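Please have the sequence and the 3D view open while reading.

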Amino acid sequence: MFKNNTRTLVLGAVLIAIQTISWTPIMSLPQGAPETVCDTMLPFHGGGIPPSTSLPPFRIETSSSVVGQGQTMRVDIVGVPPGLSFGGFMLQARNRNSPHQIIGQFNPSSDSRVKQMNCESSVGNSVTHSNTSPKQSVSLEWQPPVDFLGEVLFNATVAQAYDSFWVGIPSNTVQVVRRDTVGSYPQTTRLPYVTPPPRGPYTPQTESPMTTQPQDDPFYTDCGRSKTCFGFPDGCIETKSCKSISAVMVRGDVYEFEMKSLSSGAAYIALGLSEDAKMGDDLVTECVPQNGRVSLYSSYTSGAPNYAATRANVPQNKARLIESSVIDGVIYCKIQREVITQVSSKTFDLLNNRYHLLIASGTGLKENSVGYHDIGRLPSAAPINLAVVQDLSGSSTLLLRLHGAFMVIAWIGTTSLGIILARYFKQTWVGKQICGKDQWFVWHRACMVTTWSLTIVAFIIIFVEIGDWSSERNPHAILGTITTIICFIQPIGALFRPAPNAKSRPIFNWLHWLGGNLAHILSIVTIFFAVKLTKAELPEWMDWILVGFVVVHVIVHLIYSIAGFSSDRQQAQQVTAFQMSDMGHHGMRNGHRMERNTDAPYSRFRKGLLAAYTIILILFVVVLVLIVVLAPIEDTFNKLKSN
Ligand SMILES: *[C@@H]1O[C@H](CO)[C@@H](O)[C@H](O)[C@H]1NC(C)=O
């Protein structure tokens, strides 16, 4: 009804409206009056205008994070940015574990703009405005009861105008402790306690500048207590030695993020919210010092192959800079982000979704973007509910990489070689046995025992690492398990194989051949699927290397088969000649073994091809293992390029 009036009229009407409609009736009512308002803190009973859902432009500051029972502390309501004024407010301390329980008491204020409220028949447990004059800040003194121990939060409703007000603005958690133990608690003191509190525009203090001893950094004080901290190098929170650190603190619907970079030369520090711990499709908050001030940007990342973080098309008004500083190259910023941020078709819902934190920092900027994260980057190990305070560690990929490397060595390397040996080398190195066993068999067994051991170890490793069945929709896990099972029973079958001339020996031979080849084919398919696993961070082009290997392997098989046919034919023709001529030479020396004493034809060719194939296999294995171990390999390239 005011919308067509002039600005002054609206303002006047607003002030009168707030004055008369909002909380004044509560004041004038006897104690025990509308408890509903005391609890809901809604200025209007079922009023038509709902509270604003955007980020509140006001903050509740507490003079300390720990207070002794019955001791006094200060609470301020201030605008963000400082100086932004408000007309009405209502403030209470609530029990953190029971948010509807009002705790403690506000001292009667000398500030004529402030009035005490008596909610739930308790004198002065809430405060409100006594007039609607514009206020840039309000300071209050509050005392916890002498018999309360635990955590409280201040809960405020602040009205900027008749139709714009915020309900449930929370403060930091304040711990109420026994009076004699206050000193032993780490304090995050924002404002020294002073009486009377200063009036006028409130200037928020930035965190104290970095001291030379990092353990004094107040950033770490609430880590794991009221905020979840994450930084690199991994494990640095415990030792308070992070080069870059971030923190998430959630109070009600307010999502607050802090970032700090302590690396000299840092041009930015950024925190991404990622569904997969991998760069790409992440919502990033960037703090970038520019002309002595910190600028805040939101960006959206694209993944392989064109890694980038673009600010275009990302709403910039969903996050707000609360505090920031750049002191001696140390970048600090604190921001609040709305629960929902929509980037094109993707919704980031901080309340209902889980995200990995991805912290990154670098020395360069690009036009409208941050540069490569050459100082460092680290994704958190698991996606988290941001509201749950926890200790986070970076995602360790050591076991993942070992699993990949072992499987590549086993199935691209030793299995391929072992199969070729068993298939085509039974009539090579004839008579040159090792410890009474044919050479082909000794080498075949060596290859396959290696495969078996690596596979079993890699299989165990991956279950230790993932701790569960892979949640990715990818057949890698199931195919890999089948392959491992076949691989596991293959040598057991071989151990109990029938004697060479037993009737059942052909069945064993056939089963052993089938098991080996089936496992080999399955394993290669499984490795192809590994490339698609997000966790593995493998490049798409690894497919082509695998295809290259398959082609080489098939060609080698073909050549050996063709050579085998013609060798068989030659051998058949030579049988007569062989019996006559060889008797005289070798036959005399080796007596009973003379018939097997000579390799099948093309033996030198077979050995030559085997040597070539072995070298090619080693090259394939080395390249693939490097890709797996250095994953994401593009990152490694970029790092080399930027150095
Ligand atoms: C603040 O008060 C509102 C209304 O009763 C409540 O819904 C909310 O949970 C409270 N917040 C805190 C942090 O106590």
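What percentage of the chain over residues 446-464 is helix, and how far apart are the end C-alpha atoms? The model is predicted, and in it this stretch is 100% helix and 0% strand, with its end C-alpha atoms 27 Å apart.

**Annotated transmembrane regions**
- An unreviewed UniProt entry carries the annotation "transmembrane region" for residues 402-425, 446-464, 476-496, 508-529, 541-563 and 610-633.

**Helices α5 and α6**
- Helix α5 spans residues 398-424 and helix α6 spans residues 439-466; the two pack at an angle of about 160°, and their axes are 8 Å apart.
- Because angles over 145 degrees count as roughly antiparallel, α5 is roughly antiparallel to α6.
- The α5 and α6 crossing is left-handed.
- The contact of α5 with α6 comprises 24 nonpolar, 8 polar and 1 charged residues.

**The five-stranded sheet**
- Strands in the order β12-β13-β14-β20-β19 form an open sheet of 5 strands, with antiparallel pairing.
- β12 (228-232) and β19 (319-327) are at the edges; each has a single partner strand, so one side of each lacks a neighbour in the sheet.
- On average, neighbouring strands of this sheet are turned by 10° against each other, direction ignored.
- Strand β14 (residues 254-261) runs antiparallel to strand β20 (residues 330-337), and 7 bridges join them.
- Ile 335 in β20 has Phe 257 standing opposite.

How values were computed: Residues are numbered from 1 along each chain as its sequence is written. This is a predicted model: local features need pLDDT of at least 70, side-chain atom pairs count only at pLDDT 80 or more; totals for chains, interfaces and linings use all residues. Side-chain values use heavy atoms; hydrogens and water are left out. UniProt positions are given in the numbering used here, feature names are shortened, and annotations may be inferred rather than shown by experiment. Helices (H or I, at least four residues) and strands (E, at least two) are DSSP runs, numbered from the N terminus. Axes are lines fitted to C-alpha atoms, for helices over the stretch in contact, and angles run from 0 to 180 degrees between N-to-C directions. Angles under 35 degrees count as roughly parallel, over 145 as roughly antiparallel, 65 to 115 as roughly perpendicular and the rest as oblique. A crossing is left-handed if the near helix is turned anticlockwise from the far one by less than a right angle, and right-handed if clockwise. Ala, Val, Leu, Ile, Met, Phe, Trp, Tyr, Cys and Pro count as nonpolar, Asp, Glu, Lys and Arg as charged, and the others, Gly among them, as polar. Two strands pair if DSSP finds at least two bridges between them.
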